[in-house]
Amino acid sequence: MSRSEAIPSDWLHYYGQRAAQCQPGMLFDFYQHGVLHPDTPIAQAPMVAMDFETTGLSVDEAEIVSIGLVPFDLRRIYCAESKHWVVKPEQEMTEDSIVFHGITHSEVESAPPLESVLDQVLDAIAGKLVVVHYRYIERAFLNKAVMSILKEPVLFPMIDTMHLESIILQRQQHFWHKLLKKLLPSVRLGHCRSRYNLPHYDAHNALTDAVATAELLQAQIAHHFSADHAVKTYWV
């Protein structure tokens with residue numbers, strides 16, 4: 001899924017359409033759960049932070065190697081209900097990717113393929129609002145994996161904390177800096193967290209990054225937005 005691929009303007013209609021079209025199975029069950037009503041205040045939204053580690057950054061060439069999921073809302077993060085999988089990619093991992101995410105050959109050798117945990121992943125995010133940091137990774141890699149396994153696409157709304165941080169920084173940018181087209185500060189996850197005085201976590205572990213993303217969204221809403229705003233204000 002590329003950046004230019006169309007995202008539905010009406011998620012309620014899209015979910016109804018997909019529930020009617022999907023073959024009985026994982027995706028049928030996923031879309032049968034439905035999507036939050038767009039006018040639901042974000043304070044009332046059940047959310048789940050999701051992060052992937054992959055064998056590379058190119059969705060055409062790389063694969064998912066670990067998945068982290070953490071349910072949360074604006075008041076609490078439910079770490080006891082978090083989930084983390086290491087999955088075995090079909091291709092050999094490169095040494096560069098091992099250095100990046102720290103998952104070794106021996107770990108993936110004994111890990112299940114994504115196909116065997118996909119039902120658990122879809123079940124864990126069904127009916128919840130998924131929150132990620134840089135949606136182009138999680139959206140594209142999950143869709144590619146589901147297409148490969150189930151031969152059907154998967155698409156759902158996401159809140160992207162990197163996107164929100166870019167909006168915040170653009171609002172804060174001085175007129176003259178905009179006029180001079182000065183670059184915005186970094187929107188990498190760790191740098192965003194530091195602006196809210198959130199603690200430093202070691203990056204590139206899917207579960208840790210999911211927790212970090214959930215905390216970042218809580219901070220962004222508390223400092224710059226309103227908990228009463230509808231989820232449609234935030235999702236993309």
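A nonpolar core is a set of buried Ala, Val, Leu, Ile, Met, Phe, Trp, Tyr and Cys residues joined through side-chain atoms within 4.5 Å. In this predicted model, the largest such core has 69 residues. Its largest share, 8 residues, comes from helix 10, which spans residues 206-224.

**Nonpolar cores**
- In soluble globular proteins, nonpolar side chains tend to be buried together.
- Y31, F156 and I159 have the most contacts inside the largest core.
- Another core, of 5 residues, lies apart from the largest one. Among its members are V65, I98, I103 and V108.
- Leaving out residues up to four places away in sequence, F156 touches W11, Y15, F30, M50, I125, V130, R139 and L142.

**Helix 7 against helix 10**
- Two packed helices are described by the angle between their axes and the distance between the axes.
- Helix 7 covers residues 161-172. It packs against helix 10 at an angle of about 30 degrees, with the axes 10 Å apart.
- Angles under 35 degrees count as roughly parallel, so helix 7 is roughly parallel to helix 10.
- The crossing of the two helices is left-handed.
- Helix 7 contributes T161, L164, E165, I168, R171 and Q172 to the contact. Helix 10 contributes T213, L216, L217, Q220 and H224.
- By type, the residues of this contact are 4 nonpolar, 5 polar and 2 charged.

**Positive phi in two loops**
- Most residues other than glycine have a negative phi.
- K151 is not a glycine, yet its phi is positive, about 65 degrees. K151 sits in the loop between helix 6 (135-150) and strand 5 (158-160).
- The relative accessible area of K151 is 62%. Exposed means over 50%, so K151 is exposed.
- N197 also has a positive phi, near 60 degrees, and is a residue other than glycine. N197 sits in the loop between helix 9 (189-195) and helix 10.
- N197 counts as exposed because its relative accessibility is 73%.

**H84 in strand 3**
- H84 lies in strand 3, residues 83-86.
- Is H84 buried or exposed, or partly exposed? At 37% relative accessibility, H84 counts as partly exposed.
- Setting aside neighbours within four places in sequence, H84 is in contact with S66, I67, G68, N205, A206 and L207.
- H84 and D228 are 144 residues apart along the chain. Their C-alpha atoms are separated by 31 Å.

Methods. Residues are numbered from 1 along each chain as its sequence is written. This is a predicted model: local features need pLDDT of at least 70, side-chain atom pairs count only at pLDDT 80 or more; totals for chains, interfaces and linings use all residues. Side-chain values use heavy atoms; hydrogens and water are left out. Buried means under 20% relative accessible area, exposed over 50%, partly exposed in between (1.4 Å probe, protein chains only). Helices (H or I, at least four residues) and strands (E, at least two) are DSSP runs, numbered from the N terminus. Contact means heavy atoms within 4.5 Å. Axes are lines fitted to C-alpha atoms, for helices over the stretch in contact, and angles run from 0 to 180 degrees between N-to-C directions. Angles under 35 degrees count as roughly parallel, over 145 as roughly antiparallel, 65 to 115 as roughly perpendicular and the rest as oblique. A crossing is left-handed if the near helix is turned anticlockwise from the far one by less than a right angle, and right-handed if clockwise. Ala, Val, Leu, Ile, Met, Phe, Trp, Tyr, Cys and Pro count as nonpolar, Asp, Glu, Lys and Arg as charged, and the others, Gly among them, as polar.
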